[in-house]
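Please view the sequence and the model first; the description follows.

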Amino acid sequence: MVFALVLSSFSASAKNQSMAIDYLHGEGDLSGVRLAYRPYHGQITQIEWLGEVDIYWELSINFWEFGAENQHDTNFALALSPVISSQFATVANKYPLKWEFGIGISLINDTRFAGKDIGSHYQFEDRLGLVLEFGDNLEQSFAVRYMHYSNGGLNNKNPGMDFLNLSYARQF
């Protein structure tokens, strides 16, 4: 019901779509690249207790690698996440600084990865981050995020995977 309310309360003027490229660094020798497409940017203005928040949908593909160069393990994931954000500060009286939060779903190729049995091909993709928008028309952004992948207890094996994420995005 809350999800339907959020979808129905978008303002009529949506921003352009965007693309992002991210570098992921996880525990140990775990690293990766994440490519994301954001087909929709909107704004929620009708929920008083949230204030004015932005929302976007993100479809991503993640390529992960673990281990030494000669002996490494690779994996990939597809994910779909709704993400909300809100401005809390301005940098140099011009550039919005925002927090963001999202919980999405993902499909992981290999359940045995990085020395772990993650229990399920189906995982949740959680994020919490800071985003700085910049450029002449604020069409670019840089983000620092904490991302967590976990099956949310859908399986007895649920060690999860944690990443620090650095992201660059551009609207078009």
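## Strand pairing

Strands β9 and β10 pair in the antiparallel sense over ten bridges. Strands here are DSSP runs of E with at least two residues, numbered from the N terminus, and two strands count as paired if DSSP finds at least two bridges between them. Tyrosine 146 has leucine 164 in β10 as its bridge partner. Strands of a sheet pair through backbone hydrogen bonds, either parallel or antiparallel.

The model is predicted: local features need pLDDT of at least 70 and side-chain atom pairs count only at pLDDT 80 or more, while totals for chains, interfaces and linings use all residues. Residues are numbered from 1 along each chain as its sequence is written, and side-chain values use heavy atoms, with hydrogens and water left out.

## The barrel

Eight strands close into a barrel with antiparallel pairing, in the order β1-β2-β3-β4-β5-β8-β9-β10. From one strand to the next, the twist averages 25 degrees; the axes are lines fitted to C-alpha atoms, and angles run from 0 to 180 degrees between N-to-C directions.

Strand β3 (residues 53-67) runs antiparallel to strand β4 (residues 72-91), and 14 bridges join them. Glutamate 65 has threonine 74 in β4 as its bridge partner. Twelve bridges join β4 to strand β5 (residues 95-108), again antiparallel, with alanine 79 opposite serine 106 in β5. The hairpin of β4 and β5 has three residues between the strands, and alanine 92 there takes a positive phi near 55 degrees.

## Aromatic pairs

The structure holds five aromatic pairs. Rings of Phe, Tyr and Trp (its six-membered ring) pair if their centres lie within 6.5 Å; planes under 30 degrees apart count as stacked, over 60 as edge-to-face and the rest as tilted. The rings of tyrosine 149 and phenylalanine 163 have centres 5.8 Å apart and planes at 90 degrees, so this pair is edge-to-face. Tyrosine 149 lies in strand β9 (residues 140-150) and phenylalanine 163 in strand β10 (residues 161-171), 14 residues apart.

Both tyrosine 149 and phenylalanine 163 are buried, that is, under 20% relative accessible area with a 1.4 Å probe, protein chains only. Ring pairs link Trp64, Phe113, Tyr149 and Phe163 into a cluster.

## The nonpolar core

The largest nonpolar core has twelve residues, including Trp64, Phe113, Met147, Tyr149, Met161 and Phe163. Such a core is a set of buried Ala, Val, Leu, Ile, Met, Phe, Trp, Tyr and Cys residues joined through side-chain atoms within 4.5 Å. The elements that give two or more residues to this core are β9 and β10.

Conventions: Helix = DSSP H or I, 4+ residues; strand = E, 2+ residues; numbered from the N terminus. Buried < 20%, exposed > 50% of the residue type's maximum accessible area, 1.4 Å probe, protein only.
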